[in-house]
Amino acid sequence: MKSLVDKLPENKEDIKEDEILLDIIDIDSSDDLLNLSKSLNEICYITYDVLNNGRYSEIELNKMYLSCQDKVYLINFKNIYNSDSNDGYLGLKVIMENKGLKKVIHDGKSLVTVLNKLGISIESFEFDTAIASYLIDSARSSYDMVTLINEYLSEDVTGDEKTIEAKANLKLKEIYELLKIK
């Protein structure tokens with residue numbers, strides 16, 4: 001036991017960033033999503049996952065990571081839509097059409113496609129980190145978040161799938177800050 005205690009850091013500054021546990025807030029209902037939409041202000045950072053990406057008629061949102069003020073929200077659209085198909089996307093509409101909320105999105109092309117199918121527009125779309133990265137280096141083979149984090153921040157993102165995606169979402173702010181000045 002003493003050997004384990006000896007390995008603990010003496011203070012918070014000694015804890016590596018990768019060792020800090022993320023507090024991922026799950027949004028699984030349309031009410032939760034609507035409440036979240038009313039609490040957001042200034043700027044949010046968005047990464048997402050779609051299903052059936054290659055087929056326009058079948059493309060749909062699977063999940064979205066949204067960070068704002070150092071909180072990470074995991075919006076599970078499958079759960080939301082299954083629990084309340086009528087108002088399942090109302091909170092998403094409020095978020096995306098909020099002109100006072102800037103949105104920084106990674107690789108927004110598929111998201112815009114899904115939103116257009118749902119009759120939702122994106123207001124105050126501030127920046128797309130994938131497009132900016134492409135404009136800086138069009139020869140790269142991949143523009144995914146983990147690759148950008150490795151290249152621009154010299155960091156590795158580790159953990160299970162949910163943790164990796166949440167960490168990548170949190171790093172979107174740093175990537176945005178670097179890319180917007182290049």
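Helices here are DSSP runs of H or I with at least four residues, strands are E runs of at least two, and both are numbered from the N terminus. We're looking at a predicted model, where local features need pLDDT of at least 70, side-chain atom pairs count only at pLDDT 80 or more, and totals for chains, interfaces and linings use all residues. Residues are numbered from 1 along each chain as its sequence is written, and side-chain values use heavy atoms, leaving out hydrogens and water.

View 1. H5 spans residues 109-117, with Ser110, Leu111, Val114 and Leu115 buried (under 20% relative accessible area; exposed is over 50%, partly exposed in between; 1.4 Å probe, protein chains only). Down the H5 axis these buried residues fall within an arc of 135°, so they line one face (the arc is taken from the directions from helix axis to C-beta atoms). Turned away from that side are the exposed Lys109 and Asn116.

**View 2. What H5 packs against, and what follows.** The buried residues of H5 pack against strand E2 (42-51), strand E3 (60-68), helix H4 (90-96) and strand E5 (101-105), with contact meaning heavy atoms within 4.5 Å. After H5 comes glycine 119, with a positive phi near 75°.

**View 3. Two cysteines, no bond.** A disulfide needs a pair of cysteine sulfur atoms within 2.5 Å, and the count is zero. The sulfur of cysteine 44 has its closest cysteine sulfur in cysteine 68, 6.2 Å away, so that's too far for a bond. Cysteine 44 is buried at 0% relative accessible area, and cysteine 68 is buried too, at 5%.
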